[in-house]
Amino acid sequence: MVSSLRRCVAAAAALFSHRATAQTYTSCNPLSSTCSADTALGMAIDVDFTQGEVNSFTASGTPTYGSDGVTFTVRQSGDAPQLTSVFYIMFGRVEFSMKAAPGAGIVSSFVLQSDDLDEIDWEWLGADSTEVQSNYFGKGITSSYNRGQFHEMANNQNDFITYVLDWTSDRIIWEVDGTVVRTLEASDAESNQYPQTPMQVKFGVWSGGDSGNPSGTISWARGPTDYSQGPFSMSVKSIQVTDYSTGSSYRYGDTSGSWTSIQSEGGSVNGNLGNADTLTTTAVASGSTSTSSANVPAGIGGSSSSSSDSSSLPEGWVMTSEGKIVPSGTASLRPVYPFISIFTLFATLAAGRMFWP
């Protein structure tokens, strides 16, 4: 862990020598514009990616499907495959089984992100298979990168490991294989930094160590990346998502960015909060390192911008518990609250973003 911390401090120095500035992007920020409502999940889904793709997640790049579930591969400069949910959750629990990508400079990412750029992150650096990084951001504020933590764990590149993000208005829990590695109380978050607005689910892989990136990014990702050693693949076998709120869509009631301003159409914020106490924990980890000087950047990289477009389902269509969008008459299991509005199945959602110019 000492050597790991030294690497982190070195990366931090590189970041600040570059004067890093995050390049976050949202197609419509509700804190400064009038935006359409966000499609609510409003239920729980359990997606088995070994059975193939589902239309509740849209792809950028070229994810592939097989016995390992959905696989994201970096073969060359510019590759940054990703899946993004067409739905949002307003507080909730996300559990997924994942194998991280190996390779110096390769970054596997799993992110919850809102239209006003609240964010909760997991990140795995391919140069070290024995740690995972957690982070959070609020309202796209990245004037400091001191909220990240590094957590020791078993080899995350050879085996599928179960990760959990459990998020309420009071706290966020990051869990690895039944062990809580971090808990953030809302009262302990930096001012105006606690994530509390409707989030999409995004995950994929990118090359932070690409030679075209700024030196600070390459150092943080422990690059450079040697593509001749690839390809480098990350796989997600399954994902379970529970929305702790109910309804068909979420709308910002004002420009405060507070969770109390969020309005639910046809349901209620925290209407499914009874499931918030179902998190199964076997232990609390002691091997976590705060990064007051070792800084972890935001989100999924790999392109110059990341949009958070809203998509919604057409009237008469529903999402099944397996995460498939189907006509309501053919649904094997209807959600408690069906979706409304207009949905374009071919809508392109966020393709990730580069966080340093």
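Analyst: Start with a cut-off: buried means under 20% relative accessible area, exposed means over 50%, and partly exposed is in between. Keep in mind that this is a predicted model.

User: Why is asparagine 155 called partly exposed?

Analyst: Its relative accessibility is 27%.

User: Where does asparagine 155 lie, and which residues is it in contact with beyond its neighbours within four places in sequence?

Analyst: Asparagine 155 lies in the loop between β11 (149–152) and β12 (161–167). Leaving those neighbours aside, asparagine 155 is in contact with Ser129 and Ile161. Contact requires heavy atoms within 4.5 Å. The C-alpha atoms of asparagine 155 and threonine 130 are separated by 5.1 Å. Those two residues are 25 apart along the chain.

User: What makes the pair of asparagine 155 and serine 129 a polar contact?

Analyst: The cut-off is a pair of N or O atoms within 3.5 Å, one able to donate a hydrogen and the other to accept it. The side chains of asparagine 155 and serine 129 make such a contact at 3.5 Å. The side chain of asparagine 155 also reaches the backbone nitrogen of glutamine 157, at 2.8 Å.

User: How do you know that cysteine 28 and cysteine 35 form a disulfide?

Analyst: Their sulfur atoms are 1.9 Å apart. The limit is 2.5 Å. The pair qualifies, and a search of the whole structure finds 1 disulfide.

User: Why is the disulfide of cysteine 28 and cysteine 35 called left-handed?

Analyst: The torsion about its S-S bond is about -90°, so the disulfide is left-handed.

User: Why does arginine 147 count as buried?

Analyst: Its relative accessibility is 4%. Buried means under 20%. So arginine 147 counts as buried. Arginine 147 lies in the loop between β10 (131–137) and β11. A polar contact of 3.3 Å joins its side chain to that of glutamine 193.

User: What makes β1 and β18 edge strands?

Analyst: The open sheet has 3 strands in the order β1-β17-β18, with antiparallel pairing. β1 (38–39) and β18 (262–265) each pair on one side only.

User: How do you know that β1 pairs with β17?

Analyst: Pairing needs at least two bridges. β1 and β17 (residues 249–252) have 2 bridges, in the antiparallel sense. Threonine 39 has serine 249 as its bridge partner in β17.

Definitions and conventions
Residues are numbered from 1 along each chain as its sequence is written. This is a predicted model: local features need pLDDT of at least 70, side-chain atom pairs count only at pLDDT 80 or more; totals for chains, interfaces and linings use all residues. Side-chain values use heavy atoms; hydrogens and water are left out. Buried means under 20% relative accessible area, exposed over 50%, partly exposed in between (1.4 Å probe, protein chains only).
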